[in-house]
Amino acid sequence: MNKEEMTWRIRVYGIVQGVGFRPTVSRHATTHGIRGTVCNKGPYVEIFAQGTKEQIDGFLNELKEHPPKRAAILKINTKDVTAETAVHFEIFDIIESEKTKGEIFVSPDIAICEECKEEMFDPKNRRYLHPFINCTCCGPRLTILDSLPYDRERTSMKEFPMCPNCAKEYFDEKTRRYDAQPVCCNECGPEVYLIGRTERGRDAITYTRRMLSEGKIVAIKGIGGFHLCCDATNEEAIKRLRTLKKRPAKPFAVMAKDESVVKRECVVTPEQEEILTGHQKPILLLDRKNSGRLAASVAPGNPKVGVMLPYAPVQLLIFQYDDGIKMSDLLVMTSGNTSGAPICREDEEAVAELSHLCDAMLSHDRKIRIRADDTVMDFYKNEPYMIRRSRGYAPLPFMTSTDWKGQVLAVGGELKNTFCIGVDSRFYPSPYVGDLEDLRTVKALQETIHRFQTLLEVKPQVVVCDMHPKYNSTVVAKELGYPMIQVQHHYAHILSCMTENDCHDPVIGVAFDGTGYGTDGTIWGGEVLLADYENFTRFGSITPFLQIGGDASAKEGWRIAVSMIYGYTKDREQAWEIIEKLGLCSEQESKVQFTMADRRINAVVSTSVGRLFDAVSALLGIRRQSSFEGEASMALEFAAEAYEQKKCEQQKYKQGNCEQRECEQQNCKQQKKEYELQDIEVVENLSGNEELDKLVYKNEERFILNTRMLIQQIVEEKMQGADRGRLAYFFHQVLAEQIAATCIEARNNSSRNKVALSGGVFQNRLLLRLTGERLEQEGFEVLRHHMIPPNDGGIAIGQAAYGMYRYNCSPCSESCAFKNSSEQ
């Protein structure tokens with residue numbers, strides 16, 4: 001080795017086993033003139049690379065930019081070991097090594113690859129039309145796994161012995177199926193069949209396709225559970241499914257035959273296309289084209305639609321088969337469950353829960369060990385913005401730069417539940433479980449926790465849960481029998497954002513959502529916190545209001561609107577005059593609300609931004625109530641975005657950039673008049689109280705975002721006939737200004753300059769953008785979510801990080817939550 005050469009030790013963490021990683025490393029090493037070795041350590045791949053600095057840099061860059069197709073590199077650690085290594089390598093070798101214990105990575109399920117797809121539709125191939133075709137680059141992983149290491153005998157494929165031809169491929173290093181654990185064919189693999197009917201195999205698929213082509217509904221078992229499926233271009237079929245599932249308006253997910261169909265129906269950016277066609281195949285929320293063939297009832301009143309491509313072989317076969325049946329190229333593919341229950345994974349569950357919702361059930365005999373609902377992903381600034389993290393992504397861990405040691409289990413939230421296991425500096429979020437109001441989902445949570453503990457070889461030293469005493473997630477945590485820590489809901493939201501961004505500096509946390517149990521026993525949901533991993537302070541909130549009506553108030557925004565109007569008028573007659581003019585409710589209903597407010601009957605103090613959005617939606621006549629969570633808030637966002645789009649079009653017109661050069665025609669002049677904009681200014685001296693007229697003011701406890709003033713102004717403007725789209729946009733704009741003003745006050749008080757945005761309300765991309773832009777204009781560093789959902793599906797990682805910090809805190813203070821956890 002000459003003086004210019006160096007030796008580096010490189011450790012690559014992530015999904016780097018069973019994906020052809022070592023041969024790829026060897027090829028890159030040869031390309032760049034690197035000598036050394038690569039070996040599989042189990043938790044990571046270890047490389048010794050010898051060469052010049054330029055050669056090693058080129059090799060590393062090649063490794064990062066061009067890993068194997070199905071690898072998932074989570075972290076690369078490098079160390080210059082030239083001084084420690086006297087070995088002179090002659091060539092680059094692939095060597096074997098003993099498994100190093102400690103760090104475990106489980107591969108998510110992988111969508112069918114192009115090579116397998118080509119074989120499946122090749123009449124000359126022995127796997128022609130095989131519903132379970134797979135190779136080392138694709139197929140089920142997590143959902144069939146019993147335990148590690150990942151070998152066939154520890155998966156649900158152990159029930160299907162390989163035929164001689166499959167075994168030959170499995171043991172031959174030269175084939176694509178070398179060491180592919182689920183390898184099988186039409187002779188030795190699982191089989192599809194119709195539940196309750198005699199059709200199996202080919203006949204079962206043909207029957208399913210015929211039913212769908214005739215407008216019927218079929219339950220279809222895939223990789224992680226059942227879907228309910230019907231023709232997405234057939235209005236009658238979709239309306240029937242909505243009636244049967246008691247789901248009047250919530251959008252249905254759609255599966256398209258191929259990428260060209262998606263582009264026909266939706267606007268697809270290059271960044272979205274990469275994810276759409278990649279190996280995870282999530283549901284993507286895409287802007288819908290007016291010229292498409294999708295039925296309007298797929299996503300009524302929604303400018304977006306959730307679309308995915310087929311990821312399981314059987315799904316491809318539903319679209320394309322050699323039986324002469326003409327199939328739609330768009331299918332509704334929604335989770336196979338009853339409202340509130342987890343996705344069905346077994347025939348018995350499907351019969352009990354889905355048989356009244358469909359006309360047939362296509363199943364198969366490969367057992368699903370862990371349920372995995374579809375991942376749902378939005379995009380923000382051309383980057384993925386996760387809404388539900390599940391199939392294709394779970395259980396890939398998030399790595400932090402901490403030196404924490406220990407094992408922690410966080411059971412997550414009550415709604416959109418996922419749990420998280422923390423092992424040292426790694427955090428493994430589970431697939432989506434569901435809403436824990438249903439005891440079937442609670443059972444699914446308990447089962448999946450047990451299986452994950454087995455897979456990851458974990459025995460937690462502490463379990464972390466929400467503070468709410470009546471949550472089923474809290475009950476599950478207590479029953480596990482470990483020392484328990486309870487974490488305030490919105491604090492966990494902020495910690496989840498910090499952990500995803502690997503931030504360890506104190507932050508200003510803005511947590512906006514629908515509900516969370518506050519430390520004072522009230523409902524929180526619009527909070528500005530001074531937070532770090534040790535603790536938090538409630539620095540600010542929106543204006544508290546009375547949330548009247550219990551569970552009904554979360555579904556009927558008009559109740560919150562009435563409460564807010566009565567709250568600022570403090571006069572029944574004046575309040576009723578406003579309520580009547582806005583058409584919020586009947587006089588009798590208003591009197592009941594007033595009485596409940598006066599007597600504090602079924603009424604609780606709340607700072608929920610989710611309910612604030614519902615109230616504004618009702619005030620503007622957009623949605624009085626919601627048939628699914630977030631419906632009224634989403635409709636308010638869409639109205640605001642539509643107004644903003646008009647504003648952009650008008651700006652183009654003024655600048656002479658109108659694409660349709662018909663500006664002299666009467667219709668364009670009328671359009672100009674209709675789109676003419678008048679920015680609304682905050683009304684001065686609205687209350688006559690200089691303190692309360694501000695965007696933000698200080699009371700005896702904390703800073704208050706003056707949402708009471710905002711509501712009053714919106715009411716007055718609406719009663720004067722202002723455009724509701726303009727007011728919807730104004731609401732978002734002023735709320736963003738209030739957030740920024742509060743963060744400035746927080747910075748002045750704490751010298752913190754990082755702001756973390758979290759909570760389900762920040763699924764609203766308009767509010768996220770307006771808030772982020774204002775904060776950046778004020779010089780803040782803004783942290784937001786990317787691959788962890790901002791909603792309650794993401795809080796488990798924040799809970800786990802808090803538990804890990806507490807377990808590692810030293811010396812342990814008297815106030816330490818872990819020290820006192822045995823008393824909880």
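At the start of H16, a side-chain oxygen of Asp-571 comes to within 3.1 Å of the backbone nitrogen of Glu-573. The model is a predicted one, in which local features need pLDDT of at least 70 and side-chain atom pairs count only at pLDDT 80 or more, while totals for chains, interfaces and linings use all residues. Residues are numbered from 1 along each chain as its sequence is written, and side-chain values use heavy atoms, with hydrogens and water left out.

Helix H16 spans residues 572-582, and in it Ala-575, Trp-576, Ile-578, Ile-579 and Leu-582 are buried (under 20% relative accessible area, with a 1.4 Å probe and protein chains only). Seen down the axis of H16, these buried residues fall within an arc of 165°, so they line one face of the helix. An α-helix has 3.6 residues a turn, so residues three or four places apart point the same way. The buried residues of H16 pack against helix H15 (557-569), helix H17 (587-599), helix H18 (609-619) and helix H21 (707-719), where contact means heavy atoms within 4.5 Å. The face turned away from the buried side of H16 carries Glu-573, Glu-577, Glu-580 and Lys-581, which are exposed (over 50% relative accessible area). Just after H16, Gly-583 takes a positive phi of about 65°.

Elsewhere, the largest cavity has a volume of about 120 Å³; a cavity here is a set of points on a 1 Å grid over the protein atoms alone where a 1.4 Å probe fits but cannot get out, and its lining residues have an atom within 4 Å of a point. Of the 19 residues that line the largest cavity, Pro-131, Ile-223, Ala-312, Pro-313 and Arg-366 lie nearest its centre.

Technical notes
Helix = DSSP H or I, 4+ residues; strand = E, 2+ residues; numbered from the N terminus. Arc of directions from axis to C-beta. Polar contact = N/O pair within 3.5 Å; in protein donor to acceptor, adjacent residues only side chain to side chain. 1 Å grid on protein atoms, 1.4 Å probe; cavity = no way out; pocket = protein on both sides within 12 Å on 5 of 7 lines; lining within 4 Å. Points joined across faces, edges and corners; volume = space filled by probe spheres on them.
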